[in-house]
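A short report accompanies it.

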Amino acid sequence: MKLNVILFFLIILITSQVLAQEVTVKGIVKNLPDSVEFINFSTNEGYHYMKINNGKFEFKVNAESGKDKLNHAYFVLTKSEFPSLQNLQDALFDRSEVSWEKDPIAILIDSNQMELEIDAKEKLALIKGSQINKQNSEMQKLSREKRKIYEQKILPQEEVAKWGLAENLKIAQKYPSSLLTINYMNNLLKDPFMGAGLKQLTHGSLDTINNLIAEIKTHQLPDGSLDELLKNQELVNNRYQLKAGIPFPDIRLSTLKNKEINIKDVLNQADYIVVDFWATWCKPCLAQHPEYERLALRSKKNIKFIGISVDKQVDTWSAHLNNHPLKYDNFWFGDDTSNTLRDSLGLNSFPTYMIIESKSGKVIRAGFNIDKMEEVLATLE
């Protein structure tokens, strides 16, 4: 019994030594202002700082450097000496000398010997031979670019967020076997607002996300790393799932001449009705109108293209169309306070395209991108 206890503690001791190995993190700082004298380094295991010597630094820390989990750490360059992590964090949040928005330079510890080049101006760290840190630097750089665009206020916040999401997904696509990609995707799926600054994901971005997850699944990854991602994917797809094969709701629409009609009056005009759900506040919706109009003008006689606006105010919708007329019928459904479209069709984002078969009154296709429109239309008889 005593021997078993001794063996047990030896295993624990050996395991802890394997996990918490000594890691050397060293490098140079370029574009270093004369006022900056100290480099502060925080890891999961502790806090370290030193005076920069001729632009060089070196830390020896105990840290996990395995490939099966993310081990985050960060640097902060300061002119003052901060003897404890609490002192540094207080300064970051007080913004007295440094600020948490722009000064932390994040890295991932993935090797026992790490050589870095820190850019004090750009607040980025380049790590020799580390793919995950290369990805991390690209994501940090994008985050700073997005913040600058926010501050300049040249685009609406929602548009900046959508641009940032698209660019982050492009970066993730370059690193499909990275744990950082999986971590980013999990955060995005669990909370689109915290992950990308968006209240909800569009069907276009969900297509990209689902394609990326399909690619991720083809790579060898640590056991269990995919479980949470696949669970979050299923939950999100169920929440945003557009419903096909069900009757289109019996809704009433307003025309530009302020006449109210039933959707059945529209269904009687062709064998198939293509619907574009949009709003004047949705920039991607407006950007796709010229292509949608081109397709509408070239469509077969048995296919009718329409637009249905979900703008809250009918005057906003009508004013836009008076200034930007379109050559296909447009209708206003209005402020859907009863959530008819969401509950009956799963409509959560815009633009969304659907095809209704007039004879049955059922939605037969939903949620495809406009660049797939011609391909989808070719399948109709």
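This is a predicted model: local features need pLDDT of at least 70, side-chain atom pairs count only at pLDDT 80 or more; totals for chains, interfaces and linings use all residues.

Residues are numbered from 1 along each chain as its sequence is written, and side-chain values use heavy atoms, with hydrogens and water left out.

Four strands, in the order β3-β2-β5-β6, make up an open antiparallel sheet, where strands (E, at least two residues) and helices (H or I, at least four) are DSSP runs numbered from the N terminus and pairing requires at least two DSSP bridges. The twist from one strand to the next averages 20°, with axes fitted to C-alpha atoms, for helices over the stretch in contact, and angles running from 0 to 180 degrees between N-to-C directions. Between β5 and β6 there are four bridges, and His72 has Leu108 in β6 as its bridge partner.

Thr78 lies in strand β5 (residues 72–78) and is buried, with a relative accessible area of 1% (buried means under 20%, exposed over 50%, partly exposed in between, with a 1.4 Å probe and protein chains only). Its contacts (heavy atoms within 4.5 Å) include Phe38 and Leu88.

| Element | Residues |
|---|---|
| α5 | 179–190 |
| α7 | 203–216 |

The axes of α5 and α7 come within 12 Å and cross at roughly 145°. Residues meeting there include Met185 in α5 and Ile213 in α7.

Definitions and conventions. Lists of a residue's contacts leave out its neighbours within four places in sequence.
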